[in-house]
Amino acid sequence: MIVKPFAPSSLTLGLQALVRRLPPSHSQYITYQQELKNKEAGDFAEQYILKELQKLPQLSDCHLFHNVILPTILPMQMDILIITASGIIILEIKNIRGTVHFKNNPRQLIRTTDNGEVQAFTHPEIQLEQYIQAMHHFLNEHHMAVPIYGAIVFPFNNVAIHREGEGLPIVMGRELPIYLHKIIEKNMGIATNEITNIILSQLQHRNPFPLCRYYQLDVNALQRGVYCENCGHFGMEKLKRTWFCRRCQHQCTSAHRQALKDYYMLVGDTITNKECRAFLMLECKHVTKRLLQKTFQTCCKSGKLTKYDLSSLLETPLKF
């Protein structure tokens, strides 16, 4: 069963907002656009693998997590975590095209693209070893000792892999069920619910927001206004009960919510009436006040300087 379902990474969501609001003429636009493509490719691969895992009958009694961050001695952000009666399985997903060489001494992943470009990456085995070690430490702190397995997974057959020496398993998407079956059939009677509840109680969430600070970007470079999801135009007008796009005649009652999400991810997690009017391109402070008070809690009441907390826009509580 899925305990923590797929969700796009925080950086993906932030980059989508950044690319949407940054003028194509900006000197860093192409850089951020390419970074967004890479993040979306990674998210797509993780979502694909998670969907395939849900189809496997041998995993019906297992617990699946996507994007797991736990408080440990080493940095840890696992793509997919599977809790089984035979132990814990960590999957590091890599969606890379071209030809990749797993090099030793020093350990690097070297990719050669179809056009001959050569790129060097951190060896995914180093990441996976770190995650396994950190997970052992995490469980020891909770007085639990269970086997922990790990594999590097390439979901699609669009990559040619060359490897020096031995190491942790490298598994193609289609052979993943075979790899998992060999582990699950050992069934050691491990208390999966107990481990799952411990993980849920300790889950952490990290994000790089606000991205303008993260990338040291001038906030004034951003396109302001409410975005029309129908035609991509900025500058929807606020009518009595809805937002209206004069370019395509599209109407949406909640269009301001996406604009405020953009503000949260790019500029800051709180906003004043004046800042909201400037970003949404509104004139009336009373209309703006009603929009903010209807949805958000105040975190600092002080007349004109009252700040509204935008963090609820991205909150996704988990239940088990």
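**Fold, pocket and cores**

Guide: Residues 24 or more positions apart account for 61% of the contacts (heavy atoms within 4.5 Å) in the protein with a separation of 6 or more. This is a predicted model, in which local features need pLDDT of at least 70, side-chain atom pairs count only at pLDDT 80 or more, and totals for chains, interfaces and linings use all residues. Residues are numbered from 1 along each chain as its sequence is written, and side-chain values use heavy atoms, with hydrogens and water left out.

Visitor: What percentage of the residues of the protein count as buried?

Guide: Buried means under 20% relative accessible area, with exposed over 50% and partly exposed in between (1.4 Å probe, protein chains only). Of the 320 residues of the protein, the buried part is 43%.

Visitor: Which element gives the most to the lining of the largest pocket?

Guide: A pocket is an open set of points on a 1 Å grid over the protein atoms alone, where a 1.4 Å probe fits, with protein on both sides within 12 Å along at least five of seven lines; lining residues have an atom within 4 Å of a point. The largest pocket is lined by 42 residues, and N38, K39, G42, I93 and K94 lie nearest its centre. Helices (H or I, at least four residues) and strands (E, at least two) are DSSP runs, numbered from the N terminus. With ten residues, the element giving the most to this lining is α2.

Visitor: Which residues is Y215 in contact with, leaving aside its neighbours within four places in sequence?

Guide: Y215 is one of the residues that touch the most other members of the largest nonpolar core. With those sequence neighbours left aside, its contacts are L11, L15, L18, Y32 and E35.

Visitor: How many Å apart are the end C-alpha atoms of α3?

Guide: The expected span of a helix is 1.5 Å times one less than its number of residues. The 18 residues of α3 should therefore span 26 Å, and this agrees with the distance between its end C-alpha atoms, 26 Å.

Methods: A nonpolar core is a set of buried Ala, Val, Leu, Ile, Met, Phe, Trp, Tyr and Cys residues joined through side-chain atoms within 4.5 Å.
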